[in-house]
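Open the structure in a viewer and keep the selection tool at hand. The stops below follow one after another.

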Amino acid sequence: MESEGLFVVADGMGGYAGGERASKLAVKEIEGAFRNRAFEGEAHEGIPKPASELALAIQMANSSILETAKQNKELEGMGTTVCAARFSANKRRVYLAHVGDSRCYRLRKGELKQMTADHTMADHGVKGPAAAHLSRAVGVWPTVPIDVVMGVPRTDDAFLLCSDGLTKMLKDDEIASVLRGEPDPKKAVQGLIDAANGRGGKDNITVVLVRVVSTDTAREARS
Ligand code: CA
C-alpha cells in the first residue's frame, strides 16, 4: 500500500481452505483499516500513533478471522501470521508489527539483522518437533499480543519481510549473500525464491523486499 508506506506478509495456517482464507482476510482487513482510516479498539498508549494504528489494524484482522471461522465449521481454528512494516518518510521511522514466525530482516551495509523474534513453542521451553509450532497466531483467540519494533531506516537499507517457507530453507548468511549480490529488489526476491525452491521448497514462500531510497530519489522516481 504505497500511499501508507505499508507492507504486509501473512502466512496462513489451518487445514482445508482455512489457511489461505485467514491470510487473505488479514491483508484485506489491515488494508481496509488504513484506507478508511478507521481503527477500531483502544489506541495503545505509550507507543507512537503509526505503530498503534498498525497494532489496531492487526487486532481488527484478528476479530474478522475469528468471526468468519465461527460461521464456517470447516474453517474452525484457522489463523495466520502477520509481519507488517510501515514506513514514515516524514518521521524517518519504520514501525514493525508481527505475530508468528514470519520475519522481518534489515540489510544494512551488507549486514543482515533479524528485526523480529519468532513466536514459537520453543520460547516456552518446548523441545522436539512441536517446538516449531506457533505460540501465537492472528485469528485464533479473541485478542492477540502483537510485538512492535521501531527503527530508523537509512538510505540504501533493505527490509525483507518473508514467510518461514524462505527461512526454513535458507540460512541467514545465504539470504544475506543473495541480497548483497543483487541490487534490483525484484530480481533479489526472485533469487531468494529460486534459492529456497532449489533446497526443496517444502512450503509456500512469500517475500517482500523494500529498499530505502533518499526522499530526493523517491521524488525523482515518482515524477
Ligand atoms: Ca509457512
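Start with the calcium ion: its donor residues are spaced D-x152-D-x38-D in sequence. Aspartate 11 lies in the loop between strand E1 (6-9) and strand E2 (12-13) and aspartate 164 in helix H3 (residues 164-167), so the pair ties together parts that are 153 residues apart in sequence. Select Asp11, Asp164 and Asp203: their OD atoms coordinate the calcium ion at 2.3 Å. Donors are N, O and S atoms within 2.8 Å of the metal (3.2 Å for Na, K and Ca), and because water is not among the atoms, sites may look incomplete. Helices (H or I, at least four residues) and strands (E, at least two) are DSSP runs, numbered from the N terminus. Both aspartate 11 and aspartate 164 are buried; buried means under 20% relative accessible area, exposed over 50%, partly exposed in between (1.4 Å probe, protein chains only).

A word on the model: it is predicted, local features need pLDDT of at least 70, side-chain atom pairs count only at pLDDT 80 or more, and totals for chains, interfaces and linings use all residues. Residues are numbered from 1 along each chain as its sequence is written, and side-chain values use heavy atoms, with hydrogens and water left out.

Next, select threonine 81, in the loop between strand E3 (79-80) and strand E4 (82-88). Threonine 81 counts as buried, at 1% relative accessibility. Its side chain reaches the backbone nitrogen of aspartate 11 at 3.0 Å. The side chain of threonine 81 also makes a polar contact with that of serine 102 (2.6 Å); a polar contact is a pair of N or O atoms within 3.5 Å, and within protein one must be able to donate a hydrogen and the other to accept it, while residues adjacent in sequence count only if both atoms are side-chain atoms.

Now show the sheet. Four strands form an open sheet in the order E7-E6-E9-E10, with antiparallel pairing. Its edge strands, E7 (111-114) and E10 (207-211), each pair on one side only. Two strands pair if DSSP finds at least two bridges between them. Strand E9 (residues 158-162) and E10 pair over five bridges. Pick phenylalanine 159 there: its bridge partner in E10 is valine 210.

Which residues form one aromatic cluster? Select Phe7, Phe87 and Phe159. Phenylalanine 7 counts as partly exposed, at 27% relative accessibility, whereas phenylalanine 87 is buried, with a relative accessible area of 17%.

Terms used: Rings of Phe, Tyr and Trp (its six-membered ring) pair if their centres lie within 6.5 Å; planes under 30 degrees apart count as stacked, over 60 as edge-to-face and the rest as tilted.
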